[in-house]
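I opened my notebook to look up a few features of this model. These are my entries, in the order I made them.

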Amino acid sequence: VPEFTHVLGFSPAGLKYDGSFHELKIKLRKRPGLNPDDYEIFARSGYTAPNAAADAEETAREEIRDAVFAREELLDLPVDLSLQYFKSGPVDAHLTVVAKVNLDGVRFLKKDERNADILTVVSVVFDRNGNFVKGVQRVLDMRLKDETLEKLLDQGGISVRSQLDLPPGSYLVRLVVRDSEGKAMAMRNGSVE
């Protein structure tokens, strides 16, 4: 195992959707006390650009899928996560995942005298070993009048509930919220036993 490991990433500017291969070069600069020849670099030799611009829906699905399996938290959107559960039978428990989305951070599109946006809320449960157990996706297609939006802003946002039936145990809950207009995301983690 190497003593030091660094993970680098980048997003190419001005990407051309032509399906061509683009070479990458990574090297260490010489500095006092550092001889680049003493180190080994393992990296991809390049990347292939996509053939055509991905459509917006597929891009959104990929972003959400990546966010579900990531570990870090992100709060581009202000979201609170709360978990409620009760035993629903001799072998099952009923878990409710509540996402309270503060609409101050949501970018609405004014359309036909309404404030339009689509929020995608994904609640996923993993077992203690990190294995996917169950998930549910809710899509809120909001077309709010100004008065309704003002009322929701005064109430601190909108609550979205997702329900999952699970056997008793210890679980990690992953919440991902994506705003279609602003393309902002929130990723939160919780645990429940």
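Two strands count as a pair if DSSP finds at least two bridges between them. I kept in mind that this is a predicted model.

**Entry: a strand pair.** I looked up S7 (residues 114-127) and S8 (residues 132-144). The two strands run antiparallel, and 12 bridges join them. Val122 stands opposite Gln137 in S8. I then checked the hairpin of S7 and S8. Four residues lie between the strands, and Gly130 takes a positive phi near 85 degrees.

**Entry: aromatic rings.** I found two aromatic pairs in the structure. In one, the ring centres of Phe69 and Phe126 are 5.8 Å apart; the planes are at 70 degrees, so I noted the pair as edge-to-face. This pair links distant parts of the chain: Phe69 is in helix H1 (residues 56-69), Phe126 is in strand S7, and 57 residues separate them. Phe126 also forms an edge-to-face pair with Phe132, at 6.2 Å centre to centre and 80 degrees between the planes. Phe69, Phe126 and Phe132 form one aromatic cluster.

Which of them are buried or exposed? Phe126 is buried, at 7% relative accessible area. Phe69 is exposed, at 53%. Phe132 is partly exposed, at 48%.

**Entry: Thr96.** I located Thr96 in strand S5 (residues 93-101). Thr96 counts as buried because its relative accessibility is 7%, and buried means under 20%. Its contacts beyond four places in sequence include Leu83 and Arg161.

**Entry: a surface patch.** Leu8, Ile26, Leu28, Tyr39 and Ile41 make a nonpolar surface patch of about 500 Å². I placed Ile26 in the loop between strands S1 (21-23) and S2 (46-48). Ile26 is partly exposed, at 42% relative accessibility.

Key
Residues numbered from 1 in each chain as written. Predicted model: local features only at pLDDT ≥ 70, side-chain atom pairs only at ≥ 80, totals over all residues. Heavy atoms only, no water. Buried < 20%, exposed > 50% of the residue type's maximum accessible area, 1.4 Å probe, protein only. Contact = heavy atoms within 4.5 Å. Patch = residues over 30% accessible without salt bridge, like charges linked within 9 Å, V, L, I, M, F, W, Y side chains within 5 Å. Areas by Shrake-Rupley, 256 points an atom, 1.4 Å probe, with all protein chains shown as cover. Salt bridge = Lys/Arg side-chain N within 4 Å of Asp/Glu carboxyl O. Phe/Tyr/Trp six-rings, centres within 6.5 Å; stacked < 30°, edge-to-face > 60°.
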